[in-house]
Amino acid sequence: MHATVRSVIEVASEEQGDFCILDTEASPEHLSRGTAQYADAMLLVVEPYFKSLETGRRMAALAKDLGLERVALIANKMRGEEDLEAVREFARNNGLEVGGVIPYDELMPGAERAGSSPLDFAPEGLAVAAIERIARGLADGSVAGNGVPQT
Amino acid sequence: MKLAVAGKGGSGKTSFSGTIARVLARDGHSVIAIDGDSNPNLVVTLGIAPERMRDMPTLPSDLLRRTENGIELSKTLEEVCDSHSLKGPDGVTLLVMAHPQHAGTG
């Protein structure tokens, strides 16, 4: 399946869609197999604790090995200023961009328990509002955009 | 823009992927979403009933061919989407790459 995903991403272009969004497998291994090599940008969803951030760092390194220049962290399930500072410090120390911040929102696990989608279950929720801002940032280039190359 | 979303299991990447896809589609962009997980559940976050996945044929084994440039699709993406995608309520095209063992869970 990985080779098929890779080939689909390769041919996906502006004529076939403004956006092609690949939700990757959770293991860093798929990245070393090149599943995402034809993507323009990679967003790494991390939680504010060490193991999650460390996985993000390893994936960012693999993404850069694949030649992906635009890599950004999305800080998810953030409960306050301390969480935010932890992610920002980690990003600074590792030369990564924080492309978006999503607050912890009890409605998100609520949607999962209900077998529903966040947008249907909690359209007015804080997390959905934050994700909407990030989506629009992607569309206007302010998130993981072409501006300053990520180093 | 081709966007890969990654992260540790449980980080919320699938909820995130599905929701940005829907928001971009609602804003008028055309969006193709691909679930790269072998136990896919992006379908739920896109607001599509997971039962609809069951009716999808599995991807044909001759979909990839080897050329001097490497491996490529033997069909256009449009053809693949015609036969192997589901349309979400906001217009997102979900390309079905694998069949879930248990649709909507995991």
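Visitor: How many bridges join strand β3 (residues 64-67) of chain B to β4(B)?
Guide: This is a predicted model, in which local features need pLDDT of at least 70, side-chain atom pairs count only at pLDDT 80 or more, and totals for chains, interfaces and linings use all residues. Residues are numbered from 1 along each chain as its sequence is written, while chains are lettered from A and ligands numbered from 1 in the order in which they are written. Two strands pair if DSSP finds at least two bridges between them. β3(B) and β4(B) run antiparallel, and the number of bridges that join them is four.

Visitor: Which residue of β4(B) stands opposite B:Arg66?
Guide: A hairpin joins β3(B) to β4(B) through two residues. In β4(B), the residue opposite B:Arg66 is B:Ile71.

Visitor: How many helices and strands does chain B have?
Guide: Helices (H or I, at least four residues) and strands (E, at least two) are DSSP runs, numbered from the N terminus. In that direction the elements of chain B run β-α-β-α-α-β-β-α-β-β. The count is four helices and six strands.

Visitor: Which residues of helix α4 (residues 77-84) of chain B are buried?
Guide: A residue is buried if 20 or more other C-beta atoms, placed from the backbone, lie within 10 Å of its own, exposed if 12 or fewer do, and partly exposed in between. On the face of α4(B) turned away from the buried side sit the exposed residues B:Glu78, B:Glu79, B:Asp82 and B:Ser83. The buried residues of α4(B) are B:Leu77, B:Val80 and B:Cys81.

Visitor: Why do the buried residues of α4(B) line one face of the helix?
Guide: The arc is that of the directions from the helix axis to the C-beta atoms. Seen down the axis of α4(B), the buried residues line one face because they fall within an arc of 100°.

Visitor: Which elements do the buried residues of α4(B) pack against?
Guide: Two residues are in contact if their C-beta atoms, placed from the backbone, lie within 7 Å. One partner is in chain A and the others are in chain B. They are α1 (2-11) of chain A, with β4 (70-73), β5 (85-87) and β6 (93-95) of chain B.

Visitor: Which residue of β1(B) stands opposite A:Met42?
Guide: Five bridges join β2(A) to strand β1 (residues 2-7) of chain B, and these strands run parallel. The residue opposite A:Met42 is B:Ala4.

Visitor: How many residues does the contact take from each chain?
Guide: Chain A and chain B both contribute. The contact takes from them, in that order, 55 residues and 52 residues.
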